Amino acid sequence: MTRPSPARSAARALRLLLPVAVTGLAVGTLYLAFFHAARERVMGDIQRIFYFHAPAGLVCFFAFFVTFLASIAYLATRRPVWDIVGRASTEAGLLLCSIVLLTGPLWARPVWGTYWTWEARLTTTLVLWLIYAAYLMVRRYTDDPDQQARFAAVLGIVGFLDVPIVYWSVRVWRGHHPLVLKVSGGGGLEQSMQHAFLGGVATYVALYACLMMLRVPMGRQEEELRWLRERAAAMRDAGSR
Amino acid sequence: MDEATKFWYLFIAYDIVWLLIGGYVVWLGVRQNRIQRQIERLRALLGEEEDDRAEGTAGRAS
């Protein structure tokens with residue numbers, strides 16, 4: 001009997017441990033957000049949406065940064081694995097961006113009196129979601145796998161330009177949206193709020209890693225399925241001749 | 001807006017987070033199962049066709 005390689009054993013252990021870590025972190029973050037973090041003076045308890053909303057936005061930026069790197073790597077090497085990584089990261093990023101776009105209006109309604117305003121941060125975030133939705137949809141325009149990956153990679157690189165725009169939009173255009181992270185100076189989050197915020201970031205990072213571990217092997221399976229379909233079609237053609 | 005109504009917004013936002021994550025994970029699982037089934041079916045089909053070909057070649061040779 002052959003023993004599995006150390007790398008394979010480590011990957012298997014990580015696959016088992018990661019969902020446990022995500023669950024543990026999620027429970028910990030719930031505690032920090034609802035019991036540990038201080039109640040905000042002006043907004044009250046509704047401000048606790050922040051601990052699910054802002055960390056999702058931050059990790060969504062990271063996911064799109066991974067897509068950006070994978071897109072560059074694909075165009076440079078043409079190795080399908082980079083396309084698989086880019087697609088997996090985009091799906092996870094879109095999920096997180098959807099969380100941001102749905103929880104934001106639910107926070108805005110009691111605080112601003114409206115679900116949505118076309119202010120800079122909200123609009124650029126919606127544009128970001130649309131760009132990466134297009135990254136997934138653009139693949140349907142052609143049947144050639146290399147062309148699909150190339151189109152998507154170009155969009156993955158160009159689309160990333162919107163991420164710094166989203167980040168800096170609150171500083172440059174100064175709309176309703178509050179600044180979340182301050183580069184310098186005081187007046188930021190109170191310490192217990194910082195703990196809950198960091199707990200949220202850790203949970204979403206672990207969730208992102210977990211989703212990548214599920215989605216990347218599935219991308220490989222999709223490649224195998226495509227190859228098998230091509231082979232079956234070639235055999236049918238050969239048989240009919 | 002009173003605190004009870006504000007609490008409902010918080011509750012719905014929190015539920016949406018779990019629904020989205022859970023929905024995506026379930027969708028991944030369903031899709032992976034479907035792909036796996038298709039791979040197995042095609043492997044079996046290709047295996048059978050290759051066996052038929054091998055038999056055909058052997059029959060012609062004899």
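1. In which crossing, left-handed or right-handed, does α2(A) pass α5(A)? The crossing is left-handed. A crossing is left-handed if the near helix is turned anticlockwise from the far one by less than a right angle, and right-handed if clockwise. Keep that in mind for the helix pairs below.

2. Some ground rules. This is a predicted model, in which local features need pLDDT of at least 70 and side-chain atom pairs count only at pLDDT 80 or more, while totals for chains, interfaces and linings use all residues. Residues are numbered from 1 along each chain as its sequence is written, and chains are lettered from A and ligands numbered from 1 in the order in which they are written.

3. Start with chain A. It has seven helices and zero strands. Along the sequence the pattern reads α-α-α-α-α-α-α. Helices (H or I, at least four residues) and strands (E, at least two) are DSSP runs, numbered from the N terminus. The C-alpha atoms of chain A fill a box of roughly 80 × 50 × 30 Å along the principal axes.

4. Next, burial. Chain A has 241 residues, and 34% of them count as buried. A residue is buried if 20 or more other C-beta atoms lie within 10 Å of its own, exposed if 12 or fewer, and partly exposed in between; the C-beta atoms are placed from the backbone. Chain B has one helix and zero strands. Of its 62 residues, 10% are buried.

5. Now contacts. Two residues are in contact if their C-beta atoms, placed from the backbone, lie within 7 Å. Take the contacts in chain A between residues at least 6 apart in sequence: 79% of these join residues at least 24 apart. A:L30 and A:G200 show a separation of this kind in sequence, being 170 residues apart along the chain, with their C-alpha atoms 8.6 Å from each other. A:L30 sits in helix α1 of chain A. It is partly exposed because it has 18 C-beta neighbours inside 10 Å.

6. The largest nonpolar core holds 57 residues. Such a core is a set of buried Ala, Val, Leu, Ile, Met, Phe, Trp, Tyr and Cys residues joined through C-beta atoms within 7 Å. A:I49, A:A56, A:C60, A:L96 and A:L207 touch the most other members. Elements that each supply at least two residues include α1 (6–36), α2 (50–77) and α3 of chain A, and also α1 (3–61) of chain B. The largest share, 14 residues, comes from α3(A). Look at A:L96: leaving out residues up to four places away in sequence, it touches A:A56, A:V59, A:C60, A:A63 and A:Y204. In soluble globular proteins, nonpolar side chains tend to be buried together.

7. Back to α2(A) and α5(A). They pack at an angle of about 135°, with their axes 8 Å apart. Axes are lines fitted to C-alpha atoms, for helices over the stretch in contact, and angles run from 0 to 180 degrees between N-to-C directions. The angle therefore makes α2(A) oblique to α5(A). Angles under 35 degrees count as roughly parallel, over 145 as roughly antiparallel, 65 to 115 as roughly perpendicular and the rest as oblique. On the α2(A) side, the meeting residues include A:T67, A:F68 and A:S71; on the α5(A) side they include A:A149 and A:A153. This contact has seven nonpolar, three polar and no charged residues. Ala, Val, Leu, Ile, Met, Phe, Trp, Tyr, Cys and Pro count as nonpolar, Asp, Glu, Lys and Arg as charged, and the others, Gly among them, as polar.

8. Compare α2(A) with α7(A). Here the angle is about 45° and the axes are 8 Å apart, so these two helices are oblique as well. The crossing is right-handed. Among the residues that meet are A:A56 and A:V59 in α2(A) and A:G200 and A:Y204 in α7(A). The contact divides into 14 nonpolar, one polar and no charged residues.

9. The pair α4(A) and α5(A) packs at about 170°, with axes 9 Å apart. These helices are therefore roughly antiparallel. A:I131, A:Y132, A:A134 and A:Y135 in α4(A) meet A:A152, A:L155, A:G156 and A:G159 in α5(A).

10. Finally, the two chains together. In chain A, 28 residues are in contact with 25 residues of chain B. On the chain A side, α3 (80–112) and α7 (191–240) are the elements that give two or more residues. The largest share, 13 residues, comes from α7(A). By class, this side has 16 nonpolar, four polar and eight charged residues.
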